[in-house]
Amino acid sequence: MKLALVLMGGGARAAYQVGALKALHDIARELAPNRRASPFTIVCGTSAGAINAASIASHADDFELGVRRLVDFWSNIRAEQVYRTDWRGVAAAGARWLAAMSFGWAVRRSPRALFDNSPLAELLHEALDFSRIGEMLDSHALHALSVTALSYSSGRHMTFYQAEEPIQSWRRAQRGARMVALTPEHLLASAAIPYLFPAVPLELDGCTEYFGDGSIRQTAPLSPAIHFGAHRIVVLGASAPRPEVPAAAGIESGYPSLAQIGQQVLASVFLDSIGADIERIDNINRMISYLPQHVEPESAWRHVEVLPIAPSERIEILAARHLKRLPVTVRGLLGAVGGNRAAGASFASYLLFEAEFAAELIELGFRDALAQRGRLAEWIGSMLHGDEARMALGGAGGVRAHETGDGADVERTNDDG
């Protein structure tokens, strides 16, 4: 039985996932004190979740170490580690945007992003050992790792992955997958929040395409985990699937600021897809349950269970208490669009890479995961002890409800997909 971990996007909100991972480790340690390897052999990440995913996957042989490194990183994080916050860097970005908006006809080069995230690029090269991903795959501590990104050049939503054995790449309408050797650039591309961080060039099919945040147009976020053979999927979200509301009491009157509009746009990027994908899987599971039992030995229909863990408190309200912790340069830039006020706190929260805010999110994630201790312990214990009850797999060559994206495709296991 393969247990998968899916980490969604959300910029600085991804600190929430680290608290949930800490709880998952504690549960696993209680069940098997002498086991060091992660119970999650499939790890899939999107946006900032891709960075957390790569870190966990690179330490698949030592789950405690992987979680501890993430906790240490997020507990001490500062915005300048992710994007430039110095006066020169922020002023240069602001000037480029001002020039583009004021004298667009005369500006030969349009601005690439509101912030320069070159510090993050340096951090990823220093902090993550990507050779360990291959080592974890070779040792069978890890079955597959994937990160997703959107090509601004072609509009294709791509899943880049490494796996311990050949896995047939899949292709759907405007989305597909490629088996590659993952690099820091793939993580940067997946975490490039539109307009805030610059797109990243990646080679695809012999051409250079520019990629941005993998949460954009992600119609089937659970699809990679299912393609990799997961039977149970734990989803760690960085945002609750509910409408964003102003953090201030009541709703502010007057025309909305750019930050208020932007936070709704980002909410649609980061929140809308996962709920719909879980509903599709539930529908397919119900359809499978109606199959005659005598069909099972001759087919490969697979029941997939999903357990989402999402914030029980509104992150924008937590963020409103920490807006003043952002560097003064960033607050000044956000102030121009209304992002330094409570009503725009949700927008600012994606950029709030500050230790105090991260600490609150880590604690919240820890509590929310422990609230589901019973089911998590059952799943992890079942995997650790080799319990294959409730696993519905038959011989090769059958059909399975395997892909839950565009139209919940049903395909044969020996097809190219």
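At 4% relative accessibility, Cys44 counts as buried, whereas Cys207, at 45%, counts as partly exposed. Buried denotes under 20% relative accessible area, exposed over 50% and partly exposed the range in between (1.4 Å probe, protein chains only). The model is predicted: local features need pLDDT of at least 70 and side-chain atom pairs count only at pLDDT 80 or more, while totals for chains, interfaces and linings use all residues. Residues are numbered from 1 along each chain as its sequence is written, and side-chain values use heavy atoms, with hydrogens and water left out.

The whole structure contains 0 disulfides, the criterion being a pair of cysteine sulfur atoms within 2.5 Å. In contrast, a search of the whole structure finds 20 salt bridges, each defined as a side-chain nitrogen of Lys or Arg within 4 Å of a carboxyl oxygen of Asp or Glu. Three of these pairs are tabulated.

| Salt bridge | N to O distance |
|---|---|
| Glu209 and Arg156 | 2.8 Å |
| Arg178 and Asp205 | 2.9 Å |
| Arg314 and Glu316 | 3.7 Å |

Glu209 forms a salt bridge with Arg156; Glu209 lies in strand β8 (residues 207-213) and Arg156 in the loop between β3 (144-151) and β4 (157-163), so the pair ties together parts that are 53 residues apart in sequence. Strands here are DSSP runs (E, at least two residues) and helices are runs of H or I (at least four), numbered from the N terminus. Both Glu209 and Arg156 are buried. In the pair Arg314 and Glu316, Arg314 is partly exposed at 28%, whereas Glu316 is buried at 2%. A network of salt bridges links Arg78, Arg325, Glu354 and Glu356.
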